[in-house]
Amino acid sequence: METLDTKGLSALRAIAETGSVAAAATTLGWSQPTVNHHLRNLERTLGSTLIERSPRGSHPTVVGNLVVSRAIEILGLCDRLGDEVALRREAQAVPVRIGAVPTVGARVIPKLHNQLQRRPRWQAHDEMAAVNPVPAETTTAALDVTMDEHAKLVARLEAGDLDLALLVSTDIDRTWIPSTLTARHLYSEQLFLCVPKSVGPIALDAHGMPDLTSLVSQTWAFSIDPGDAIDEVVRSFCVAAGFEPRVGMRMDDYAAIIRMIAAGLAVAVIPDSSVPEDPTVEIIPMPMDACRRDVLLVSRARAESSKKVSRHDPIVAAHNAAIAEVVADVGVVTAQWR
């Protein structure tokens with residue numbers, strides 16, 4: 001088979017994303033004949049029709065959808081190669097793509113960056129060094145950070161768009177973690193029920209759990225993410241108390257939520273890292289043995305075969321070493337919260 005034309009892959013991906021050749025041409029900054037030319041070359045190379053055309057637009061065939069998924073991977077690797085070479089050339093750094101839910105990222109990422117700056121640079125050696133000695137090249141990890149919702153970060157990890165992610169879970173058994181991912185527990189945060197002072201004192205049971213029945217008429221602030229870990233805990237406790245929480249607002253900015261609570265517009269459960277210092281807000285600790293928020297470092301599970309290949313591939317080896325560097329420093333900066 002002829003060597004694949006990456007421009008054909010770009011054309012196919014753009015058509016799949018936009019729904020037409022005209023829109024793909026606009027997205028790519030090409031003319032429509034250019035898009036069609038590269039698409040035809042790709043179809044000829046693969047020996048299959050990849051696009052179905054109709055008055056309503058153009059869409060991938062069954063085979064075309066398969067090629068689109070591979071095109072995304074191939075083009076992503078091409079983009080990444082360019083970024084990695086640029087970083088290695090300009091800063092002698094290997095990029096490590098790390099995602100984080102915002103509340104954890106805001107707490108951990110700045111400290112992680114500072115820790116990486118203090119870490120001694122590791123020496124990159126390849127197998128040819130013994131045969132053809134050259135000066136050792138110093139290199140270090142550079143963070144490429146993405147802040148997003150939990151579910152989107154999990155999807156990006158599975159797709160290979162992220163190397164690591166700082167995620168949270170209130171599920172002690174971590175049943176939500178796909179088999180393709182592995183998780184390392186970093187630390188646990190206590191959760192606090194935050195209510196306006198005007199609501200009055202909240203009674204506690206013998207185990208220190210707040211009496212949520214006193215909040216039946218209150219409006220709750222929940223996350224934008226429908227699968228938010230803390231929201232699921234709140235809902236389960238409210239249902240156990242005999243009512244469904246009335247969600248009146250959705251936001252992920254804890255500072256804004258606290259202002260809403262102070263104004264008497266909402267109640268919420270907030271992790272320790274975001275607990276306010278506001279005299280108008282009543283802060284009630286939830287017992288750790290009943291609920292907590294675990295902060296996890298999640299990564300893709302690597303097969304044994306990939307580990308063996310990485311030892312013979314200097315690019316993969318350098319990338320794996322950079323990831324290991326970041327993992328080690330994540331452990332260092334989060335130790336204070338354990």
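Student: At what angle do the axes of helix α2 and helix α3 cross in this model?

Tutor: In this predicted model, the axes of α2 (residues 21–28) and α3 (residues 32–46) cross at roughly 100° and come within 8 Å.

Student: What makes α2 roughly perpendicular to α3?

Tutor: Angles of 65 to 115 degrees count as roughly perpendicular. The crossing angle is roughly 100°, and therefore α2 is described as roughly perpendicular to α3.

Student: Which residues make that contact?

Tutor: Val21, Ala22, Ala25 and Leu28 contribute from α2, and Gln32, Val35 and Asn36 contribute from α3. Five of the residues in this contact are nonpolar, two are polar and none is charged.

Student: How do you know that Asp5 caps the N-terminal end of α1?

Tutor: A side-chain oxygen of Asp5 lies 2.9 Å from the backbone nitrogen of Lys7. The cut-off for a polar contact is 3.5 Å between N or O atoms, so the 2.9 Å pair qualifies.

Student: How does the span of α1 compare with the span expected at 1.5 Å a residue?

Tutor: Helix α1 covers residues 6–18, which is 13 residues, and reaches 18 Å from its first C-alpha to its last. That is close to the expected 18 Å. Its buried residues are Gly8, Leu9, Ser10, Ala11, Leu12, Ala14 and Ile15.

Student: What follows α1?

Tutor: Gly19 follows α1, and the phi of Gly19 is positive, near 90°. Ser20 also lies in the loop between α1 and α2.

Student: Why is Ser20 called partly exposed?

Tutor: Buried requires under 20% relative accessible area and exposed requires over 50%. Ser20 has 22%, so Ser20 falls in the partly exposed class.

Student: Why does Glu189 count as buried?

Tutor: Glu189, in strand β7 (residues 181–189), has a relative accessibility of 2%. The limit for buried is under 20%, so Glu189 is assigned to that class.

Student: Why is Asp205 called partly exposed?

Tutor: Asp205 is located in the loop between β8 (191–196) and β9 (219–222). Its relative accessibility is 38%. Partly exposed lies between the buried limit of 20% and the exposed limit of 50%, so Asp205 belongs there.

Student: Which backbone nitrogens does the side chain of Asp205 reach?

Tutor: The side chain of Asp205 reaches the backbone nitrogen of His207 at 2.8 Å. A polar atom of that side chain also lies 2.8 Å from the backbone nitrogen of Met209.

Student: What is the overall composition of the chain in helices and strands?

Tutor: The chain has ten helices and 13 strands. Of its 338 residues, 42% are buried. Among contacts with a separation of 6 or more, 71% involve residues 24 or more positions apart.

Notes
Residues are numbered from 1 along each chain as its sequence is written. This is a predicted model: local features need pLDDT of at least 70, side-chain atom pairs count only at pLDDT 80 or more; totals for chains, interfaces and linings use all residues. Side-chain values use heavy atoms; hydrogens and water are left out. Helices (H or I, at least four residues) and strands (E, at least two) are DSSP runs, numbered from the N terminus. The expected span of a helix is 1.5 Å times one less than its number of residues. Buried means under 20% relative accessible area, exposed over 50%, partly exposed in between (1.4 Å probe, protein chains only). A polar contact is a pair of N or O atoms within 3.5 Å; within protein, one must be able to donate a hydrogen and the other to accept it, and residues adjacent in sequence count only if both atoms are side-chain atoms. Axes are lines fitted to C-alpha atoms, for helices over the stretch in contact, and angles run from 0 to 180 degrees between N-to-C directions. Angles under 35 degrees count as roughly parallel, over 145 as roughly antiparallel, 65 to 115 as roughly perpendicular and the rest as oblique. Contact means heavy atoms within 4.5 Å. Ala, Val, Leu, Ile, Met, Phe, Trp, Tyr, Cys and Pro count as nonpolar, Asp, Glu, Lys and Arg as charged, and the others, Gly among them, as polar.
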